[in-house]
Amino acid sequence: MAKGAEQKENNRGNGESEGESKIDVVMGELCPVCSKKSLTLTEREQEIPYFGKVFLFSMTCTSCKFHKADLECAEAKEPARYSIEVSGSDDMGIRVVKSGQATVKVPYVANIEPGEASNGYVTNVEGLLQRIKKQIEVVRDTEEDQDAVQKAKSLIKKINRCVWGEEKLRIIIEDPTGNSAVISEKAAVEKMKVKSVGEQH
Ligand SMILES: [Zn+2]
């Protein structure tokens, strides 16, 4: 059935603010960190082409600045591991879905570990690299060990060179919940074996 002109998706930019989905907002909730009634909850849906519908949640406290965001697929997915080599502008717009349970590895650069403090979001390769860069910038700006500062500076240069297309980086995203993906034909996808407790290594 014709559904009118299909809008061509613009993949550039940081990829985190687009989409015309409606947002449910609840304000004045109790903050789990500072116990003030200044927590805002949001929930929205986003349809991700070639992946499906995801629900995005966030909690933000205006008093203590606590912030947590995560996402979940509408359909249950298999645990999966995505791997992609990226470089330059063509790859920077590739859509990335990352849940709070995902481990992101950029070999020889840095990792994003899963867990309580880890956020879930929809972004693109460039947005993901910028987040990793910010993480390394914190090290550069706060570390007292000069070797660590030098190492951070060279990693930041490496990321910049990748964004400019002068160097290749591999991005690996592993998510035992299956709520993460790299949406590109270039990405290799494997089913992930989830180790159960007591299973031999
Ligand atoms: Zn708070």
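## Burial and overall make-up

A residue counts as buried here if 20 or more other C-beta atoms lie within 10 Å of its own, as exposed if there are 12 or fewer, and as partly exposed in between. By that criterion, buried residues make up 22% of the 201 residues in this protein, whose structure is a predicted model.

The protein contains three helices and 12 strands.

## The four-stranded sheet

Four strands, in the order β1-β2-β3-β4, make up an open sheet with antiparallel pairing. Its edges are formed by β1 (23–29) and β4 (67–73), each of which pairs on one side only, and the twist from one strand to the next averages 15°.

Within this sheet, β2 (residues 39–48) and β3 (residues 52–61) pair in the antiparallel sense over 10 bridges.

The hairpin of β3 and β4 has five residues between the strands, and K65 takes a positive phi near 70° in it.

## G52 in strand β3

G52 belongs to strand β3. Is this residue buried, partly exposed or exposed? G52 has 14 other C-beta atoms within 10 Å, and it is therefore partly exposed.

Although G52 and C73 are 21 residues apart in sequence, their C-alpha atoms are 7.3 Å apart in space. Leaving out residues up to four places away in sequence, G52 touches C73, A74 and E75.

## The largest nonpolar core

The largest nonpolar core has 29 residues, of which V125, L128, L129, I171 and V182 touch the most other members. Two or more residues come from each of the following elements: the strands β3, β5 (80–86), β6 (95–98), β7 (103–106), β10 (169–175) and β11 (181–183), together with the helices α2 (125–142) and α3 (146–163).

The element that gives the most to this core is α3, with five residues. The core also draws on both domains, taking at least three residues from each of domain 1 (22–75) and domain 2 (77–193).

## Helix α2 and V125

Helix α2 has 18 residues, and the distance from its first C-alpha to its last is 26 Å, close to the 26 Å expected at 1.5 Å a residue. The buried residues of this helix are V125, E126, G127, L128, L129 and I132; V125, L128 and L129 are also among the core residues that touch the most other members.

Which residues does V125 contact once its neighbours within four places in sequence are left aside? V125 is then in contact with V86, D91, M92, I94, V96 and I171. One of these partners, I171, is likewise among the core residues that touch the most other members.

Technical notes. Residues are numbered from 1 along each chain as its sequence is written. This is a predicted model: local features need pLDDT of at least 70, side-chain atom pairs count only at pLDDT 80 or more; totals for chains, interfaces and linings use all residues. Two strands pair if DSSP finds at least two bridges between them. Axes are lines fitted to C-alpha atoms, for helices over the stretch in contact, and angles run from 0 to 180 degrees between N-to-C directions. A nonpolar core is a set of buried Ala, Val, Leu, Ile, Met, Phe, Trp, Tyr and Cys residues joined through C-beta atoms within 7 Å. Domain bounds come from an automatic or database domain assignment. Two residues are in contact if their C-beta atoms, placed from the backbone, lie within 7 Å. The expected span of a helix is 1.5 Å times one less than its number of residues.
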